[in-house]
Structures are given as C-alpha cells and as structure tokens.
Amino acid sequence: MPKVSVIVPVHNTEKYLQACVDSLTAQTLSDIEIVLVENCSTDDSLALCHSLAAAESRIKVLSIDKADLSTARNEGVKVATGEYIAFVDSDDTVLPTLCEENYNLAVQHDLGLVCFSLHKVYDNRADKYPYNNDGSIKIVSAKEMTTLNLTDISPAYVCSHLFKRTLFEQLSFPENIFYEDRASTFLFTAACGKGAVVNKSYYRYYCRDGSISRSFSWKHYRDFAFANLCRLEFINNSGLYAAEEMSLVASASADSFLRKLRHMLSKAKTTEQRDEALEWCRKLNLIPKGAHLPLKARLIRWYIERFIL
C-alpha cells in the first residue's frame, strides 16, 4: 500500500499536464501513486497520460466517459490504494515536500485530514486575498476544522487537503456542479476526528483565463449559491453548533448565498431558472438570527423579502 495516492483529473490540459506530473514525480516522499483520471478530453491529453505512465511505474491511467471534475475524483478514489489521498488539478503544480510533510504530520498525530495553504497565481495580478503562509501548524478538533472551513479562514478547496482514505467510505464529492469543494469539504472536516491546519502554501493554484474559477454564467452563480445553501443547511441541522454559535459560523456563507442569489434572479432567462431562484429565496430562513451580514447583503435580503417573496 502506498502512503499517499495523488488523484489528478485530466480534461483538455495537455498543455499543462507535464509540469503538473513533474511536480508529483519529484515528491520527496517516493512511496506514492499518481492516478491520472482522463475524462473526455478532445486534445491529446489521453495519449500524454499513457506516455507519462509508460515512463513512470507509479502512474496509473483511468479513462472515464464523463467530463466532470467531481466524477473524475470519485472514480479516482475507487482505484486509489494509498493510506491518504491528495487531489491535484492537472493544470496546477505543488511543492516537492507536499506529500512527505503532510503525510508525516497526519501519521504522527493520527489525523483524519490535513488542510494546508495554497497560493493563487493569476495571469496579470497578485493574489488579493492570500492565505497565511507563516509555516505554523495547529492540531484541532473536527469541530474547529469545520468552523475554520465554513468561515473561510481556511481554504475550502479539495486540493488544499490531505484526506485519510477511510473518509471516502461514507463520503464523496457532489457531481455535475461547479464549486463542488465549497459544497463538500466541510463534511469531510466534520468527519475527520481531528485534523491539522498547516499555514504553508504547498500548492500553486493557477487562475487562468477561461478557467471555472473565472467564468460567470447563470449556472456558475446557481452552483455557488447551492454550495452556500448546503453549508447553511449543515450549520442548521448537523447539531454541531449551539444556537448562539450559528450566527457567527453562518455569516460568510449567508453573505455569499445572498450575493449569488441576486445574480440568479437578475440573470434568469428561462422560467425554470427563475422558478429555482424563487424557490431558494424561500430558504432565507436558514440564515440564523443575528448573522453578521455586510450592508450589501442586508439590502439584498431586504429587497427579496419586500419585493420577491
């Protein structure tokens, strides 16, 4: 059994895949496996996957017939054999010590999950909201890990976590949506037993023109709103938080939900889209009383309650 399985979904990233894989084969922890999950590429990504596997025995190639990031990750988990699992997008790169340092930390403290920082790399500007990169490490309870995730203090990205493989016996990533990590990583933190927050940027997250993170359509706004709705439902129904805690923990998700809901309403072009937006307007009661909302979010809520509902 390898110590870490690294799952890499591959979809039309022939241009970047070599650099991604090079950063993985250069890991200081040699006892890893790399699972390339090619999903419906129209470029030569699949051929490159097989070429890379022929040159490196630690690489497995899995090809699936559905172009969906979460599906690729879920299918990769099924064939992974590592004690812990990491996820790397095929157009990103990582530091050579990512696997070794985070695996050793997880084993030393019997952790279900490790969350580390990432560094966003943009085409034409610096990251406006960088995560802490001071190298500090904190071992925390599952509840504290979840709170840090839900309040956006720690990154919610799947790629900024090392997961114990047993977590996937009960959990998986939601398929067919964008922003699937925002809709799911808090479930993994809640189930982890205990975890660690590592303030070191092991991951280089490239925000390129045309990427999901820089695209804006009605579905993008809808899926981002859905992710925040999942968070609000969890905060209300999980039993993890007392009533007085909910207003603080829910504030970031409530703010984001209201902002994306406004875009859903303004950009709806079909009856179905508007009906779904109206349905979600009726879920404003999931925002706990006393939630700390900025002025813009409060105005959106007032407008929806006054003129939409």
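Let me begin with T13, which counts as buried because its relative accessibility is 8%, where buried means under 20% relative accessible area, exposed over 50%, and partly exposed in between, using a 1.4 Å probe and protein chains only. Before I go on, please keep in mind that this is a predicted model, in which local features need pLDDT of at least 70 and side-chain atom pairs count only at pLDDT 80 or more, while totals for chains, interfaces and linings use all residues. Residues are numbered from 1 along each chain as its sequence is written, and side-chain values use heavy atoms, with hydrogens and water left out.

T13 sits in the loop between β1 (4-10) and α1 (14-25); helices (H or I, at least four residues) and strands (E, at least two) are DSSP runs, numbered from the N terminus. Not counting residues up to four places away in sequence, T13 touches D43, S45, S90 and D91, where contact means heavy atoms within 4.5 Å.

Which residues have the most contacts inside the largest nonpolar core? They are V4, V8, L36 and F87, in a core of 63 residues, and by nonpolar core I mean a set of buried Ala, Val, Leu, Ile, Met, Phe, Trp, Tyr and Cys residues joined through side-chain atoms within 4.5 Å. Strand β9 (residues 194-207) gives the most to this core, with 7 residues. If we leave aside neighbours within four places in sequence, the contacts of L36 include V8, V10, V21 and C49. There is also a second, separate core of 35 residues, which includes V249, I287, A297 and I300.

Within strand β9 we find V198, a buried residue with a relative accessible area of 3%. Among its contacts beyond four places in sequence are N102, L105, V114 and F116.

Finally, please look at helix α9 (residues 251-267) and helix α11 (residues 295-308), whose axes come within 9 Å and cross at roughly 50 degrees; axes are lines fitted to C-alpha atoms, for helices over the stretch in contact, and angles run from 0 to 180 degrees between N-to-C directions. That angle makes α9 oblique to α11, because angles under 35 degrees count as roughly parallel, over 145 as roughly antiparallel, 65 to 115 as roughly perpendicular and the rest as oblique. Where they meet, the residues include L258, L261 and L265 in α9, and A297, I300 and I304 in α11.
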